[in-house]
Amino acid sequence: TGIVTVELTGSKFREDMEVWLTNGVETIYADTVLFESYYRAFAQFDLTGKTIGMYTVAALNLCEGEALLENAFEIREGEPDKLSTNLVFPNSPRPNRNIIMMLEYGNTGNIDINAPVIRLASVGGSWIALSPDEVSDHAVEISIPLQIEGDPQGVLRPGSYGIMNVYCYTANTLVFTIKRIQ
C-alpha cells in the first residue's frame, strides 16, 4: 500500500467537500481532494500501513449532505512502480519516410507513480520526436513525461492508461529502447 489517487464521479461535487474511506472500524480521510467539476474530482489517500480489506467511500457536501458508496474500495498489498510501456510501429515501413508510432503506457500497479519520465532511444539511428516539426532536429533520443490528460498533474494513477504519438523519420533501422529515468 502507499499513495493512491482515486477518481470520483457523480454529481453535486464542491471544492470544500470532504472524502474518506471507512470499514466501520477505521476511517481514512483523503489527504487531498482535487475538485475538477460539479461531476468529477480526485481524492488522494495515504494507505501506508492501513488495514487490508473492503471500505465504504464517503463524501460530505456541506450543502447536500453525506453520500456513501458501500464496499466500493479495496485496500490491497502494494505493488510499487508497475509502469508498463509499449511502442507500436509498422514492421516494414519504407525507408526515408515519416511515420507515426504509438507509445502506449500505463500504471498496472495499485499505487500512484509520481511524475514518471521515460527515455526513448532510437538504437537503429532513425530520427524521433514528439511533434512532426521536430523530426528535422535529427534526435535519436528523447525524454517523455508520462501524463494522462485530465488527471492530476505529476501523477500516474493506478489503472490509468494513455497513448501518445511519436514521430519518426525512417533514416535507418527501427530498433528502440525505452528506459524509465524518473
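## Exercises on a predicted model

Val123 is found in the loop between β11 (117-122) and β12. The model is predicted.

**Exercise 1.** Decide whether Val123 is buried or exposed, and state which residues it contacts beyond its sequence neighbours.

*Solution.* 
- Step 1. Take the relative accessibility of Val123, which is 55%.
- Step 2. Apply the cut-off: exposed means over 50%. Val123 therefore counts as exposed.
- Step 3. Set aside the neighbours within four places in sequence. Val123 is then in contact with Val175, Phe176 and Thr177.
- Step 4. Check the distance to Gly106. Val123 and Gly106 are 17 residues apart in sequence, and their C-alpha atoms are 23 Å apart in space.

**Exercise 2.** Work out the strand order of the open four-stranded sheet and explain why one side of β8 and of β12 is left without a neighbour.

*Solution.* 
- Step 1. Write down the order: β8-β9-β15-β12. The pairing is antiparallel.
- Step 2. Find the edges. β8 (83-88) and β12 (127-129) stand there.
- Step 3. Count partners. Each edge strand has a single partner, so one side of each lacks a neighbour in the sheet.
- Step 4. Look at one pair. Six bridges join β8 to β9 (residues 98-107) in the antiparallel sense. Thr85 stands opposite Tyr105 in β9.

**Exercise 3.** Describe the largest pocket by volume, lining and residue class.

*Solution.* 
- Step 1. Give the volume: about 390 Å³.
- Step 2. Identify the lining. It has 21 residues, and Thr9, Phe13, Ala59, Ala67 and Leu68 lie nearest the centre.
- Step 3. Assign elements. β1 (3-9), β6 (53-61) and β7 (65-75) each give two or more residues to this lining. β7 supplies the largest share, six residues.
- Step 4. Sort by class. The lining holds 12 nonpolar, five polar and four charged residues.

**Exercise 4.** Repeat the analysis for the second largest pocket, and name the element with the largest share of its lining.

*Solution.* 
- Step 1. The volume is about 240 Å³.
- Step 2. The lining has 16 residues. Nearest the centre lie Val4, Phe73, Glu74, Asn110 and Pro158.
- Step 3. β1 and β7 are the elements that give two or more residues. β1 has the largest share, with four.
- Step 4. By class, seven residues are nonpolar, five are polar and four are charged.

Conventions
Residues are numbered from 1 along each chain as its sequence is written. This is a predicted model: local features need pLDDT of at least 70, side-chain atom pairs count only at pLDDT 80 or more; totals for chains, interfaces and linings use all residues. Side-chain values use heavy atoms; hydrogens and water are left out. On a 1 Å grid over the protein atoms alone, a cavity is a set of points where a 1.4 Å probe fits but cannot get out, and a pocket is an open set with protein on both sides within 12 Å along at least five of seven lines; lining residues have an atom within 4 Å of a point. Grid points are joined across faces, edges and corners, and a volume is the space filled by probe spheres set on the points. Ala, Val, Leu, Ile, Met, Phe, Trp, Tyr, Cys and Pro count as nonpolar, Asp, Glu, Lys and Arg as charged, and the others, Gly among them, as polar. Two strands pair if DSSP finds at least two bridges between them. Buried means under 20% relative accessible area, exposed over 50%, partly exposed in between (1.4 Å probe, protein chains only). Contact means heavy atoms within 4.5 Å.
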